[in-house]
Structures are given as C-alpha cells and as structure tokens.
Amino acid sequence: MILEIKDYLDDMRRCARCSLCKWPPLAQMKSWRFSNNCPSIARYNFHTYSGGGRMALGLALAEGRLDTITDEMLNIVYRCTACGACDSSCKYNAELELLWPIYSTRAHLAGMGYYLPEHSLIIDSLRKEDNTLMKPKADRGKWAEGLDVKDLSKGEKAEVVYHAGCLYCYDPELSAVARDTVLLLKQAGVDVGIRGSQETCCGSTAFQLGFQGEFTKFAESNIDDWNAAGVAKVVTSCACGFGIMKSVYPLLGKEMKFEVLHITQYLDDLLKQNKLKLSRSFPARVTYHDPCNLGRKSETYVPWKGEGKKVLGQFILREPEKVVHRGWNGIYEPPRDIIRSVPGIQLVEMERIMEYSWCCGAGSGVKQTMNDLALWIASERIEEAKSTGSEAIVTACPWCEQNLKEAVKAAGGNLMVYDIVELVRRAL
Amino acid sequence: MALRREIYRLFENVVGSENISDEPAVLQSYMYQPFGSKEGVWAEVSPEAVILPASTEEVVAIAKICNRYGIVFKPMSTGWGLHNLPGVEGAVSLDLRRMNRILEIDEKNMYAVVEPHVICMQLQVEAMKKGLNCHIIGAGSNTSVLASATSVVGYGPDGLSMGFSGRNLLGVEWVLPTGDVLKLGSLGADAGWFCGDGPGPSLRGIMRGWEGAWGGLGVFTKCAVKLFHWNGPPALEMKRTPPNYVLKEPVKNMKVALFSFPTIEKLAEAALQLGEAEIGWFVSRLSPSFVGLQMASGANYVATWNTGMLQELLKYGFLFVIFANSEGEFDYQQKVLAQILADTGGQISPISETREMQELTATAVIKVDEVTRSCFRTTGGFNTSFGAMDTVDLAMNQIKAGRELKDKYIRRGVIMDDGGDNSATLVFDQGHMAYTEMLLMYDHHDHESAEGAYQYLTESNQAMLDQKLGTPIFQVSQVGQGKHGMFGAACFNYDKWLRKIKKEFDPNNTCDPTAYASPEE
Amino acid sequence: MQIVVCVKQVLDPEMPRSAFKIDPEGKRVIPPKGTPPVISPFDENALEAALRLKDRHGAKVIVISMGSTLAQAVLRKTLAAGADELILLEDPAFQDVDSFASASILASAIRKIGDVDIIFTGRQAADWDSGITGCAMAEELGVPCITVARKVEIADGQVMVERETEDGFEIVQTSLPCVITADSGLGELRMVTLPGLSAARKKPLRVWKAADLDLHPFPSRSRLVDLYVPKHEAVCEMIEGRTPEEAGARLADRLHEEGLLQPGGGRGERR
C-alpha cells in the first residue's frame, strides 16, 4: 500500500482550476469573515498553497518540470496541515482526490530524502522511542501509575483496549484526561485494559509527512499486537490515531480482528445505554470543534483502481464506479449528542463545521515544526468560536486542545477549551 | 530570463518579501491553466514573478516600477483561465488575493463596494443578511464580482432580474497602466459610489467596452456594484443530499420549473414575452446534458443519457424561476406565465417536478455552484464557442449554426456527445438582450480530442464571420489571427478603437495586451 | 586537531519488510517509495566518536559522504549533531562502486582536505556489510587502521582504542594519523535538537565532483554476479495420532522409513 505519485497523476491533471478548494463548499459559506477553508492559502496567499495549487506542484514534480528541490519548495509542501478541507470542497463538485495526491507528493519527496530537517526530529523520535514527542519510551506508561486497570502488556486479557495516544500519555495536563477516561470506562462497567509503556504511536504523523515505511511498521505492529491481545475493540482518545486507523490501516491488507472506535462514539453509546448518567448541571454556552481526523479524514479510504473508458465520445467513465469520499461519514453526531446530554448546556454551532470544519492548525507535524503557523491557524478558530458568543470550545482531539489552549493563552484571552471527557466528568 | 535582482528587490520593498515570489514551484502552479490551453494544462509562458499587493497604493507603486523599467504586468483575481496569465515573456503577475474586502454594503442605496478578490458567494451571504442579493455570473459564485463587472463579460441567468455585470457597475477606482489613479462615475467627483457614469462624459464604456478590459488596461482596485432586493431568509440552511448540498427548506414564493417547447422559435418567443411581461427571477436555457449532470454522475449519467429521455424532454427547454415578493405577486406571475406558455405551446417538464430536482435546482439557481460539476468533471477539458449578447434572434441563429458544427465533431468522436446543442443562454436585462454561448467538453489530455476541439473552435469562428453572427465572446487571441485580426474589419473596425484606447491609456504598453488588444496591429 | 568522518548514505535498513524489493536485472535493491535513505548506523557511531573527541579536545570535525545522488536533508543531520563542515562527493561516476574504489575516492578527498589527524568510519555499511572500506582507505593513505572500536581516547599524540573481540575487548594503541572504524558499542549518536538544526543551516556545505579530486583510476576488484532473495522452503509433515503414544510410535516408523534411525536399541548413528 505504499503511496505512489503516479497513482494520482490523473487527479492532478484534471483539476479545473476553479478555486473551489479555497472555500468551504460554496453553498455552506455563511459569512465573509469565515469564508476561508484552507488555512495554508489563507496565511500565505499564493495559489500554490491551495489544494489545487498543490496538485499542480505535484504534477510539475512528477513530470520533471521542477528539477531542483529547493528549501522553499519543501517549505511550501509542508506548510499544510493536510487537514483535507480542500478535498472535501472539491469532492462535491469535481470529485477529484486532493488529499491523497498531497500525501503522495510528500511520500515522493521523502523517499528521495527531501524533507524538512525538523521532521527528522519527529522521525528519529519514532524510531528510537516509539512516539513523536522526543520523550522516553520507558515513561509512556507513567500516566497510568496508580490506576487500577488491566495491563495487557503483562498478559492480562480485556475486551476493550484503551489506546491513549502519544500526547495523552506524555502531556501532564492531558494525561489527567486519559486517567479520567479510564475511570469513566470502568465506572460504566467496561472490561478495559491498557498497554502501558508498550503502547506505541499510531503512525499518523509519519504517514502524513510521507514517511510511508515508518508508518507501515507502526501500523503493522499495532495491528499485530491488538490481534494477539485478542481484544474485541480498540477505543482511542486520539483523533489522529482514530482517523489513521479507520482510513489507512485497512489498506495494509492485514486482518484487523477488532473494531476501532473513538472515545466519543464509545461514550455516546454508553450514555445511550444508560451505563453512564449525566446528572450534574453545567450551564454554559459552548461550541464544538470538529477535529479533521475524527471527521472528514476518518472515512475509510478506498483507493480507486480501475480504468477510465471513453464513452459518448470523450466522456470518461470510470469502471468500476469510483467511491467518492466527501467526508460526510465522519464522526459528527456522537460528540454533539454527548454535549447535548449535559444538563444545562447550550450547544451552538460555528459556521465551519463537520466535513468543512476549519483545522485547528496542529496537524501533520505543523505544531512541532512551525508553531507560529499552528498558532495563527488556531487563532482564526478561536475568533470563530468567540463569534458564536460561546464561553468555551469543546473538542475531542488532544492536538486540537493543546494548540487551541496555547493560542488562547498567547492572545491573553479567556475562552475555555474543554476535552469532551472533561465535560462528561463534570456532569456525572 | 529571470527578473533582474534589483528590480525584484524594488517590488519586494513595496509588498514585503513574503508577498513576492519567483520560486519555480510557485510559478509552475500559476502556469497550470487547463481552461484556454490548446492541449494539456500548462501555459506556454511563465510569469517571471508573482506579486501579492494588498492595497491601491501598493498597486500604484508596482505599476510605476513597471513603467520605469519596461516590465509588463497583468492582474488577476481568482485566476480561472489562461487569459489571466501574461502572454508575453518577462512579465509579472499581480495576484490580487490579498485585496479581498467588502468595503461597504449600502442597504438604502442598494450597492456594495468591493475589492478585486471578493467572490460572488462572499458578497451574496453578506448581502442576504441585509435582505439584498447580487448578480452572479453563469460560471459560478466562485468568481470575482469585480472581475466580471470590469473585465470579463458578466452574463448570468439571474440577469433576468439582476442585470448584467457590466451594467451593474457603479463607481470604480482604477489604477491605469501608468500608475495614475482614475476614479469613474460619481466617485470621480468625490460624490460617492452610487453612479457609474457622469457627471459629464462617462468613461465606463471606454474602460469596459462591451466585454471588459481583459486585464489589459491596468488594475481595478475597487468598484461598486448594484445590489437587488432579496425576499428570502437572511441565511439559507443546507442539507446533505448526495451528491450535493441542497436547501433544507424551500424558499417561500419561489418556484423553479423546466419548460419544454415544440420548436426553438417558440422557445425564443416565450423568452421574449417573459422579458416583456417583466416576470421571472432567473431564466436559462440549459442543455439536456447540463441538466443530466446535475442529477447524476458517472455510470448513472451515461445510463440516463443513453435512454434518450433527457434529450427528448429538454430538446427545446429552459429553466425558469419565479420568485415573488408576496403571495399576490407570486399568483400574478404564475398566471402570466401560464398565459405565455399557452401562447407558445410550452409544457412543464416532468423532470423538474420531483422533490429532488426542485431542491437541487432551487439551490443551484441561488448559489450558482454547479459549473465545475457540469462542465469539467465529465472529460476534464472545457471550452466555449460562439457567443452573443444581442437579440434573441441572433442567439437562435448561433445555436443553429453551432449545433450543426458540433454534431459534425461529435460524429467524429473528438468531443463529448452532449447533444450538440449545449448552449447556456437566454434573455437577460428583462428581455432587452439575449445571451448565448455554445459549450463543449473534450479530453484536453488526449491529442486527438484536443486537436478536434481546436479545429471546431476555428471552424466556429469562421462560421460566425461567414454567417454574420457577431464576434465570439471568449475566443480572444487563442485561435489563428486572434479575434481582432479576424473580425475587426467585418465589425466596424472596432479593434482600431481598442488599440487607440490602449495606446492612450497605456503609452508604455506596460499592461499585458494579450487578452485585450495591442496598441499596434 | 582535524577529524574526518566518512558517512555513507544507504537505503534504510529498517524499511518495512514488504518494501524490500530487488531488481534482478539491474542487480540492485529498488529504493523503497516513501522511505528516505539514512546514514548507515555504524557511521553514526563513528560520528559520535568524533564528536566526543571534539567535546573533550576541541577538534574540528569534517564529514564527507560519497555517492551519485546524495540527499542533503539526510546528511545535514551530521551538521545538526555537531559536525563543523559537510563535504559531499557527488558524481554520477560514483554510482555502484565497490569498497576498494570507494576507499580510493574517499582517500583522495582526505588528501585534498589535508592535515587530517583521525579518520573515522563505521565498521561496515548497512547495505553491503563488506567491512572493507575503512581498512582499504588506511592502506591507500599509508596509515594504521584499528577496527571495531568501542571506545577512543587520545593522550600525548597517541590514540588508545578499545576494540571488541569475540569474548571481550582489547586495547590497542597507535600514533596519529590513523583510521578507526566504529562499532555500535561506542554509543548512539547524540539526539539532534532544534537549536542544532538552526545552527546546521549556517555551517559550510561543499560539493566536490570527480573532476575536483585528484583521482587515480580506481579499479573494481569485485564484480557483482547475482543479487537475489534466497528462498527458504520448509516442508513440515504433521505426524497424527489418537494418543501421544500412538503419535510417537508413528514418528518412529516415519524416521525409520527415512533411514534416520538404526534398527535395534541404543543410540542411532548420526548422519
């Protein structure tokens, strides 16, 4: 399943240059202020930074029109969170793939040894310590110290494995949320275990940056470990992890003997089965931020392999029919249902939501390598949240949370940023 | 021939190093222009650099540098189409993306003041909040308001009630190729934006001609456009209905319908009568394939097409929308419509009466977001031919000539079989004018198909000349001697006037003449 | 003191198994898509050795790397880790050269740099694992070579090296200049930091082509005959039985059939 740029030449060559990738789906645009959907071109303005521009760049590379790979070109390629908003917008009109050509351009470059030097920090960290944060592997299980929970790495068995994810494991603030999550699951009677310090990264960042080989190793090893542990469900708090497990893991051709669920799906189920009851009131006006990887990027991707037959003269008919991934099947309702079931809470929507949600700015290594850009993108989201009159923004991804919080702090604001589990805890 | 370092630095001093680039990766992405390229996607000429000015002052400074050092420049807004790029070597592109503000929406006087990169959809959503709407061109709401108003045609099917971009243009702030700033209309007298002409002789015709300045007469940095009454809700909620987004609730007092007629003459007669009766909000003759592509894609579309149902039901048909300000007016318009249909033998087409089509069409006529779907998704390559903004009869004659010619090329298999008669067209300006252009779709990556499309364009231009059908709207300099070379003499030597204007306003020939006219023959 | 470290850019030895493919006609491993080349791991140990000497004695560390197309992003890691200069020996002529030829080319570069006290390199490269280049370089340069170093110290113009042996280690001493090949026991290359990366951008990076070096014609002393992934075949016959005793009896019969058991009691002869 290694990404090859040649598989996406056809999409790259059929971009209509209509610029729909730069806006939310036109019919869903609600104001001038929040009419951008691509953080990259919103910040840098050259056409090259948009989805269509990246297609042209990839095509120029593949066709040999760019013989020198300059540092600036790499900057352009990586100043993009691979959020998929461009892909979603293009789908409803031209039905082209945009996100995977972007991935394949990166894989093409990385394979030749072209990447940003800062990426080597992330990749080396993965290779040596099994996480992207340059933290020691031995400390990965520390978040669960003292927690009475089964450790599957010691041979214990459980029906559900809770995969916390790199950031939840290592960030002191966020690991409290991971602990709360385990406690919630246990309170609801779930037979849950963790893998402690044996848990490893999902490989999402490696994949998005084009380090396909690295990704494959982590993905295959995770699948093997979960199969061997005999778990029925893998429940994760990390939206990036969820997204990659749903959209790309299945493409590796390895049998996945377990179901992958995000914590919001799982909690939503538990609430609906009355295994958890939210009875304490939390009167607040909040809005929900759809993480890219939980939403539009979590659809299982089915690469199209077929032929384009010419009918009606020059109409290109794809056989078999191509499955168009519009991002409509992401996890949108479960987190909203959870929020709405908190007594006293008022949920208001931002303008750019669901499959056309505005990225938080952390994705695809941008947080680690270009913090300025990450914070700028987040500040746009915060303005949007504030425009709804909300006092808090709720989200379900640790990267979104961390980045949004940092941006609020940098601006000296007072918008609260809640993890959805935090909300549930408060309302129990 | 790279831009000399010193000159690059001069531009850099104006806009900042982040807002100018001659990086090959950037330039290549700008060269990607499938619409208008003879074959494939790459322009033949690359700009030397792309500059992103943020204000009129920066545009002026750039223009002055260009004049001093003999650098050609060319502005673009959204940049859709080869005509946006400079056609000469050694030129710089001005990408006006950073000039994207809606400066004002004057509710009482019903106009908006916009910068070049405001797209129709942005203006529409802001205008609707105030009970107003704007005219959107047929190509879609992803196009620039200002570009259509000042520089490129500007027809749209909502023109029945909301005019035509050229006519909707009010005050303009114009940076001439020399770098001088000219203000047109009431703006020129410091009296605000409300009027595009006067006091005194108006330069609007000089600036725009009939079709627009096509990037050859400098940079329009601000303009005001008329807004129109909108009787719908201030915000429209959508729902997901694969493969599109459609209105969640129908708009009150709005009715969309497809009507079909026994002959094209009856259709034209009906259109004229509608205009004269001053009813209707939107009218557009759409080809069977265009309609079909809204409803289905891929194998579904092909299967539907092959049943022949679309072709039969929509052979001579148009989409007509009534949108009234009250129930009473709605009833009145329905009655008038019924009368006109009775007179002309028009029938409501069952295609439009399903709930799906009602939702889809109502959304499409308001949001105008469907062109990529219908024109580019099928084969990838798209172009347009013929073209008129004139009488209904001329439009009909073009359609007849066009259909014959298209059929010929469809039989050769080099362009897509869209029924031949794929004209986006009909009356606008309350029936004063009629518009037409004949669309064609081909595979721009297939040499035979691209070659065939090119031959068709050449023949269609010749047909226009031979049959006295006017000048093609978009075939600027892409084919043969170019439009002016071919049609000038037959059309009152209009090109001589364009060249005189060019010479007068652009003495150093600094603004790219490729899509407009060069000062000499 | 001036130290040169020779590092080789190799296809990632840790690439996923499924990505490892051989082009049988070209007799080469096909560069895997989406997995960038890396610095050969033992060469990273070599660089670490050099950097430790720099830390302690204040040496200048120059890294050289030879190949036909070199990935700057990959090799700049050496600068980010602390090396002072990077010289790339990049020329199409340097494609697929054997260890002796490599040694020759590297030696020319070292002569051109001049005044080199120690030359470090990895004990063997992670692609071909020949382990020859270090020694061959030393021979060309006419200096001593100590291999498989796990510790290097300098005192009074002499270098003391702890060498790995089969059952322990030995200490070897020699004078400068010399070539030392590094083993993993020396320790991992220090972690690269963000400040290190920023500093790396300002450090000198030079590219030398074949014409820039005073090259003697380099002979190929080895010829690659064939490159293939060996096929392992295992045939496993399951011996069934209703009880372990029955299965055991059947196994004995089967072994006897194959002639692997002598009749009668006692131990059978080993074949």
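Is Cys178(C) buried or exposed?

Guide: This is a predicted model. Cys178(C) has a relative accessible area of 0%, and because buried means under 20%, Cys178(C) counts as buried. Over all chains, the count of disulfides comes to zero. Cys178(C) is accordingly in no disulfide; the nearest cysteine sulfur to it belongs to Cys145(C), 8.2 Å away. A disulfide needs the two sulfur atoms within 2.5 Å.

Cys360(A) is in no disulfide either, and its nearest cysteine sulfur, that of Cys400(A), lies 3.6 Å away. Cys360(A) is also buried, with a relative accessibility of 5%.

Now to the helices, in chain B. Two packed helices are described by the angle between their axes and the distance between those axes. Helix α1 of chain B covers residues 5–15, and helix α3 of chain B covers residues 56–69. They pack at an angle of about 165°, and their axes are 9 Å apart. Angles over 145 degrees count as roughly antiparallel, so α1(B) and α3(B) are roughly antiparallel to each other. The crossing of α1(B) past α3(B) is right-handed.

On the α1(B) side, the contact is made by Ile7(B), Leu10(B), Phe11(B), Val14(B) and Val15(B). On the α3(B) side, it is made by Glu58(B), Ala61(B), Ile62(B), Ile65(B), Cys66(B) and Tyr69(B). Sorted by class, the contact of α1(B) with α3(B) has 10 nonpolar residues, one charged residue and no polar ones.

Conventions:
Residues numbered from 1 in each chain as written. Chains lettered and ligands numbered in written order. Predicted model: local features only at pLDDT ≥ 70, side-chain atom pairs only at ≥ 80, totals over all residues. Heavy atoms only, no water. Axes fitted to C-alpha atoms, helices over the stretch in contact; angles between N-to-C directions. Helix = DSSP H or I, 4+ residues; strand = E, 2+ residues; numbered from the N terminus. Parallel < 35°, antiparallel > 145°, perpendicular 65-115°, else oblique. Left-handed = near helix turned anticlockwise from the far one by under 90°. Contact = heavy atoms within 4.5 Å. Nonpolar A, V, L, I, M, F, W, Y, C, P; charged D, E, K, R; others polar. Buried < 20%, exposed > 50% of the residue type's maximum accessible area, 1.4 Å probe, protein only.
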